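Please keep the sequence and the model in view while reading.

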Amino acid sequence: MKSTAQPTVRDVQEYWNRRPCNIGHSKLEVGTRDYFDEVEQRKYFVENHIPGFAQFTRWKGKKVLEVGCGIGTDATNFARAGADYTGIELSGASLKVAQNRFEVFGLKGTFIPCNAEELSNYVDKRAFDLVYSFGVIHHTPNQRAVVEEIRKVVKDDGEFRMMVYAKNSWKDAMIEGGLDQPEAQSGCPIATTYTEEMVRELTDGLFEVTEARQAHIFPYVVEKYRQFEYEPQPWFAAMPPAMFDALERRFGWHFLITTRPI
Ligand SMILES: C[S@@+](CC[C@H](N)C(=O)[O-])C[C@H]1O[C@@H](n2cnc3c(N)ncnc32)[C@H](O)[C@@H]1O
């Protein structure tokens with residue numbers, strides 16, 4: 001009989017340990033300087049909205065906590081810009097790569113293996129100017145618990161920025177049609193997609209949403225992308241850039257949410 005049990009934190013952890021997010025963004029040897037440079041180049045080429053959302057340079061001299069740092073691409077940029085950086089991560093395999101990355105580039109940072117649903121047991125309370133979480137919260141079983149924990153550790157005059165997947169998106173429609181999957185690796189245990197109403201419920205009584213916008217439609221032929229070739233699908237290639245931009249703003253996969261504590 002097929003099990004109907006809900007995925008656990010352990011399932012999520014094992015999934016990301018099998019293949020850390022973006023680990024295949026370069027074919028070079030993992031852990032080399034060139035490898036990390038190529039990973040970063042590919043990530044910000046394909047997801048070019050990230051630097052604008054993270055605003056790396058704004059956090060110079062400030063305490064930044066990243067929830068779910070993965071292999072540390074954004075981490076590197078916060079630290080390079082002069083932030084006092086802490087990253088937490090459920091996947092030990094990912095965290096190891098992020099730590100190694102900081103060593104390779106001579107960057108300072110603190111890395112803590114933990115489940116974000118129990119965050120305040122691992123980091124100081126009311127301590128961070130920015131809590132940043134990109135593409136993480138929608139993967140964990142108790143998503144509201146993560147936001148409650150983030151509220152405990154962010155300063156009262158701090159900021160919380162997160163990206164969660166958007167329900168009202170091109171990608172969600174393709175997944176529903178059996179034409180796509182949420183992650184590069186199949187079998188992702190949990191990948192919730194959010195409506196505006198769900199974001200309100202997620203943050204209710206904890207954070208006030210000051211900006212919410214959508215970005216990011218992946219336009220490339222996947223088989224070619226895997227070979228590091230960036231050929232747009234014919235239907236996107238035919239589209240004037242202004243039309244594609246409008247489509248991304250309305251149906252982008254990434255719901256970029258900026259909030260302040262209540
Ligand atoms: C799509 S990846 C994003 C990683 C990184 N933020 C990035 O943008 O490259 C999702 C990450 O969330 C982490 N994650 C999922 N649930 C978590 C939890 N409960 N606590 C901490 N990290 C979690 C996973 O281990 C994985 O590294």
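Which elements make a right-handed β-α-β unit? E1, H4 and E2 make one; a crossover is right-handed if, with the strands pointing away from the viewer, the path from the first strand over the helix to the second runs clockwise. This is a predicted model, in which local features need pLDDT of at least 70 and side-chain atom pairs count only at pLDDT 80 or more, while totals for chains, interfaces and linings use all residues. Residues are numbered from 1 along each chain as its sequence is written. Helices (H or I, at least four residues) and strands (E, at least two) are DSSP runs, numbered from the N terminus.

**Strands and crossovers**

- Strand E1 (residues 63-67) pairs with E2 in the parallel sense over five bridges; two strands pair if DSSP finds at least two bridges between them.
- Within this pairing, Lys63 has Asp84 of E2 as its bridge partner.
- E2 also pairs with strand E3 (residues 110-113), in the parallel sense and over four bridges.
- Five of the six residues of E2 are buried, which leaves the strand mostly covered; a residue is buried if 20 or more other C-beta atoms lie within 10 Å of its own, exposed if 12 or fewer, and partly exposed in between, with C-beta atoms placed from the backbone.

**Surroundings of the ligand**

- The ligand is surrounded by 23 residues, of which Trp16, Gly68, Gly70, Leu90 and Ala116 are the closest; a residue is near a molecule if its C-beta atom, placed from the backbone, lies within 6 Å of it.
- Helix H1 (9-18), helix H4 (73-80) and strand E2 (84-89) are the elements that give two or more residues to this shell.
- H1 provides the largest share, three residues.
- The shell has 10 nonpolar, 10 polar and three charged residues; Ala, Val, Leu, Ile, Met, Phe, Trp, Tyr, Cys and Pro count as nonpolar, Asp, Glu, Lys and Arg as charged, and the others, Gly among them, as polar.

**Gln227**

- Gln227 is found in the loop between helix H9 (222-226) and helix H10 (234-237).
- Gln227 is exposed, because it has 10 other C-beta atoms within 10 Å.
- Gln227 and Ala81 are 146 residues apart along the chain, and their C-alpha atoms are separated by 32 Å.
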